[in-house]
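Subject: Structure handover

Hello,

Here is the structure I promised. Please open it alongside these notes.

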2 protein chains.
Amino acid sequence: MFRITHKDKNTNARVGLLETPHGVVETPEFMPVGTQATVKALSSEELKYCNAQIILGNTYHLYLRPGMEIIRNAGGLHKFMSWNRAILTDSGGFQIFSLTALMKVKEEGVEFNSHVDGSRHFLTPEIVVKLQHELGSDIMMPLDECLHYPSTKDKAEQSLGLTNRWAKRSKEEFARVVLDSPPEELLAGRSNNILRASERSERVEKLLFGIVQGSTYPDLRKRAAEELVSIGFDGYSIGGLSVGEPKELMFEMMESAIKYLPEDKPRYTMGVGMPHDFFNAIEMGVDMFDCVVPTRNARNGAAYTNEGRLIIRNGEYSKDLRPLSENCDCIVCKNYSRSYIRHLFNTEEILGLRLTSLHNVYFYVNLLDRIRKAIREDRFVELKKEFEGRIF
Amino acid sequence: MFRITHKDKNTNARVGLLETPHGVVETPEFMPVGTQATVKALSSEELKYCNAQIILGNTYHLYLRPGMEIIRNAGGLHKFMSWNRAILTDSGGFQIFSLTALMKVKEEGVEFNSHVDGSRHFLTPEIVVKLQHELGSDIMMPLDECLHYPSTKDKAEQSLGLTNRWAKRSKEEFARVVLDSPPEELLAGRSNNILRASERSERVEKLLFGIVQGSTYPDLRKRAAEELVSIGFDGYSIGGLSVGEPKELMFEMMESAIKYLPEDKPRYTMGVGMPHDFFNAIEMGVDMFDCVVPTRNARNGAAYTNEGRLIIRNGEYSKDLRPLSENCDCIVCKNYSRSYIRHLFNTEEILGLRLTSLHNVYFYVNLLDRIRKAIREDRFVELKKEFEGRIF
């Protein structure tokens, strides 16, 4: 399901192909975040225009709104939001542990009050796998406990135990519910669920990743990685990063985990995605990223360019007829000036944040494309150097 | 500049071609409203996708923000907002008389405090023509006094006198400033402003319309129309409508004005634009419309369809997999369901109002296209009948 096609001569960076039921994703890749079945302010057509190969959805949010009944009725998340490329879903662990009220963690699962309407819910690792299966997710995450930064080692160790026991249960449920169930299209018009062997072998399976936790403790990160690898997953996420810890600590933890992860499986650093982070993480062998930065910061008027971050509201841009980014060939940069986009922000016009969001996602997805090309040509270190000193 | 290409056999409806410096506009036509140099929530590319031939800008708003210096710097409003088709600008009269504070109307012009920052301004009919010329407007409106509904006849008569004196001054200023000035592209690289006769004759001129006021008094509407016609304009707007008066009164006033307007000039009912209004006004010989309804109501979740208005938040659409409008071939209706768009509104996602705005403008512009086709084929009355009883 994952095949490395080129390894950089000078670093641990690699280019690979990850097969999913909704297409092959070339890595390293950035995944725009579509929490509530929409990447904020952008349409599915625009995401395709940006060449996004895969986007993120969030199980917690979608489970609450619109709810599974409505998504099932639409035939899954892809059809619901008109997106026929790959979708990775986060389990919702992070949201349950950061957004909800009156949360109660038990061995069986986690109980909490919805941040939307206060209603009480109970989710287990098994239910979360089923929810993601029903969403039609191509790459699923197991329910995990997400700690705040900083956490004591005792707390972190205890939490890690639970997260890994949940991971094992998720894997078992995944084998039962996902791998044993035939794809819907083959079932249509059949009287039973039995697939012929030939159908079975042609099928591209959904994937389940493990999530390496362990807070800021290298030995816990090692233990987390080793335990998950012994369970065996299709890929490995590194969670609990970018939650307020210093950057050096973040990369130290990344390294502590990666050392114990198999070379031949994709690695995904969750929630990490400032431009410099890409270079530093890819250098260590990371393959997948997601981050709300390009869309959230766009809505606040921050545009990402090769030269660094540009705050469009600044007075210096009032008569600047250049595009957001001078070497960008996106439709926003072809048609609109900084002067105009600044006016749109000053007058609180929706088009301002739309154009900036579109440019930023284009910039991000395109940056990863340039990185892949550089790795293929063993120029990764040079490209990384080009970006040194730029302020994002 | 205006040529009627077909007259309906059964009504006063007509199809025409209106030549502007930024292309020929086929009438009757609906103009999406781009008050602040953007049709709310839509990009210029999307407006082209909708086949909008001409859009509206607003002199008052643009004069305040971003201000003339920034628009001049961009080379005019068209370049500023990346729109190379026609633009009609409202003079700002309506906004001055409805939005500003401490307003003082004098014979010379009108003094007021900006609704944005309270700054004091003084605008005359001459200045307003110059501002529109600097914006690069293709079709300009003279400064007029806009009355609230209801107004006494005395007040309306007095106001009409002023509006028509301002109209005359606008025409004189237009002749001085606009018609005598060579287009910028011909000036580039020249040492003087004199045009050769051949250049002059090939040039498509900017247009100045007169605005028929007169509140709800038929005899004042008649007087307004006759005086303006004797001054002579490129087209005639009917102002002061759709400001709270009953519909029957609105159409009565429309008729009172149209009777005295020349057959061979375009007629524009300002701010009028509910779907039924199109049929009723076009039947009387109206050629141009603008209205914020398709975009403003879209942002509140109202979609326009052949079957009437659809309130997308209604529970009945929660699992409705049909498009907003079943016979619509716009990209929104091709790719997204009512169920999905309802979810976007419920979660306050920007994409919800984007998709509804795009569909509504497409529906409006396309409806006028169908009306033109019906007139050409003398089927206007049939098409009008099709829409009877639909609730918008």
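Angles under 35 degrees count as roughly parallel, over 145 as roughly antiparallel, 65 to 115 as roughly perpendicular and the rest as oblique. This is a predicted model: local features need pLDDT of at least 70, side-chain atom pairs count only at pLDDT 80 or more, and totals for chains, interfaces and linings use all residues. Residues are numbered from 1 along each chain as its sequence is written, chains are lettered from A and ligands numbered from 1 in the order in which they are written, and side-chain values use heavy atoms, with hydrogens and water left out.

The helix pair in chain B

Helix α12 (residues 275-284) of chain B packs against α16(B) at about 30°, with the axes 11 Å apart. (Helices are DSSP runs of H or I, at least four residues; strands are runs of E, at least two; both are numbered from the N terminus. Axes are lines fitted to C-alpha atoms, for helices over the stretch in contact, and angles run from 0 to 180 degrees between N-to-C directions.) The two helices are therefore roughly parallel. From α12(B) come B:P275, B:F278, B:F279 and B:I282; they meet B:Y364, B:L367, B:L368, B:I371 and B:I375 in α16(B). Contact means heavy atoms within 4.5 Å. By class, this contact has 9 nonpolar, no polar and no charged residues. (Nonpolar covers Ala, Val, Leu, Ile, Met, Phe, Trp, Tyr, Cys and Pro; charged covers Asp, Glu, Lys and Arg; the others, Gly among them, are polar.)

The enclosed helix

Helix α15 (residues 338-346) of chain B is largely enclosed by the rest of the structure, because 8 of its 9 residues are buried. Buried means under 20% relative accessible area, exposed over 50%, partly exposed in between (1.4 Å probe, protein chains only). Among the buried residues are B:Y340, B:I341 and B:F345. The cover includes α3 (68-74) and α4 (77-81) of chain A. From chain B it includes α13 (293-299), β16 (308-311), α14 (331-335) and α16 (350-376). Just after α15(B), B:E348 takes a positive phi of about 55°.

Two single residues

B:S242 sits in the loop between β12 (235-238) and α11 (247-258) of chain B. B:S242 is partly exposed, at 39% relative accessible area. Beyond four places in sequence, B:S242 contacts B:M250, B:G271 and B:V272.

A:Q95 lies in helix α5 (residues 93-99) of chain A. A:Q95 is buried, at 12%. Leaving out residues up to four places away, A:Q95 touches A:N58, A:Y60, A:H61, A:D90 and A:T100.

Best wishes
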